[in-house]
Amino acid sequence: MRRLAPLLSVLALAPVLGAAAPRAVEVDIRQAWARPVAGAGMNSAGYMVLANRGRAPLTLTGASSPLAREVMVHRTIEKDGVSSMRAMGQGLIIPPGGQVAFAPGGAHFMVMGLKRPLKPGERLALTLTFDGGRKVEAQLAVRTTPPQPAAAVAPTAPHRH
Ligand SMILES: [Cu+2]
């Protein structure tokens, strides 16, 4: 009976090890862009469309950038003609097959305390953190205006060649 003990403990561990293996984050990142800033210490805002192409809900829990002191997930709220920004507390859930658009006037990544200016044409790397601590890197094009929406985002638009 003694000889069985090591085998049993390995079997008992197997499901735990399986659960610990990192699951890929099944997310598509589209139209990622950030506003330029003129000097170090300033804040930028980052925008993108996050589409969950997995079968489980995906929760965005935070973001960071090597170029910024802090990155917060914000939402702009308009109340009585005054707009203000609020941090999104417990994370942003993207349902399976669904998408969330970060866009001016709505949800955005507040990129705070940039270590250097951001010029149009450059790229800003953002590391997005999802549930389970899983991370995905996004490359945001630094530009003054939003990129044109990709055709895939508006499947109902007329198809032209
Ligand atoms: Cu903000």
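What share of the 161 residues in the chain is buried? Buried residues make up 19% of them, where buried means 20 or more other C-beta atoms within 10 Å of the residue's own, exposed means 12 or fewer, and partly exposed lies in between, with C-beta atoms placed from the backbone.

## Basis of the model

This is a predicted model, in which local features need pLDDT of at least 70, side-chain atom pairs count only at pLDDT 80 or more, and totals for chains, interfaces and linings use all residues. Residues are numbered from 1 along each chain as its sequence is written.

## Confidence

The pLDDT, the predictor's confidence in each residue on a scale from 0 to 100, averages 85 over the chain. A score of at least 70 is reached by 78% of the residues. Confidence is lowest in helix α1 (residues 4–20), with a mean of 50, and highest in β2, at 98.

Over residues 8–15 the pLDDT stays under 50, and the model has zero contacts there beyond four places in sequence; a contact is a pair of residues whose C-beta atoms, placed from the backbone, lie within 7 Å. Residues 152–157 also have a pLDDT below 50. That stretch has four contacts in the model beyond near neighbours in sequence.

## Overall layout

The chain holds one helix and 10 strands. Helices (H or I, at least four residues) and strands (E, at least two) are DSSP runs, numbered from the N terminus. The order of elements from the N terminus is α-β-β-β-β-β-β-β-β-β-β. Among contacts in the chain with a separation of 6 or more, 68% are between residues 24 or more positions apart.

## Nonpolar core

The largest nonpolar core has 25 residues. Such a core is a set of buried Ala, Val, Leu, Ile, Met, Phe, Trp, Tyr and Cys residues joined through C-beta atoms within 7 Å. The members that touch the most others are M48, F109, V111, L126 and L140. Two or more residues each come from β1 (27–34), β2 (44–52), β3 (58–64), β4 (68–79), β8 (107–114), β9 (123–130) and β10 (134–142).

L126 is in contact with G46, A63, S65, V71, F109, A138 and L140, once neighbours within four places in sequence are left aside.

## Strand β9 and its partners

Strands count as paired if DSSP finds at least two bridges between them. β9 runs antiparallel to β3, with four bridges, and antiparallel to β10, with eight bridges.

The covered face of β9 carries L124, L126, L128 and F130, while R123, A125, T127 and T129 are on the uncovered face. T127 counts as partly exposed because 14 other C-beta atoms lie within 10 Å. Not counting residues up to four places away in sequence, T127 touches A63, S64, S65, K135 and E137. The C-alpha atoms of T127 and A138 are separated by 6.2 Å, at 11 residues apart along the chain. T129 is partly exposed because it has 18 C-beta neighbours inside 10 Å. Its contacts, leaving aside neighbours within four places in sequence, are T61, G62, A63 and K135. The C-alpha atoms of T129 and A63 are 5.6 Å apart, across 66 residues of chain.

Most residues other than glycine have a negative phi. Q31, in strand β1, has a positive phi near 50 degrees. Q31 is partly exposed because 18 other C-beta atoms lie within 10 Å.

D80 also has a positive phi near 50 degrees, and its place is in the loop between β4 and β5 (82–87). D80 counts as exposed because it has 5 C-beta neighbours inside 10 Å.

Definitions and conventions: Contact = placed C-beta atoms within 7 Å.
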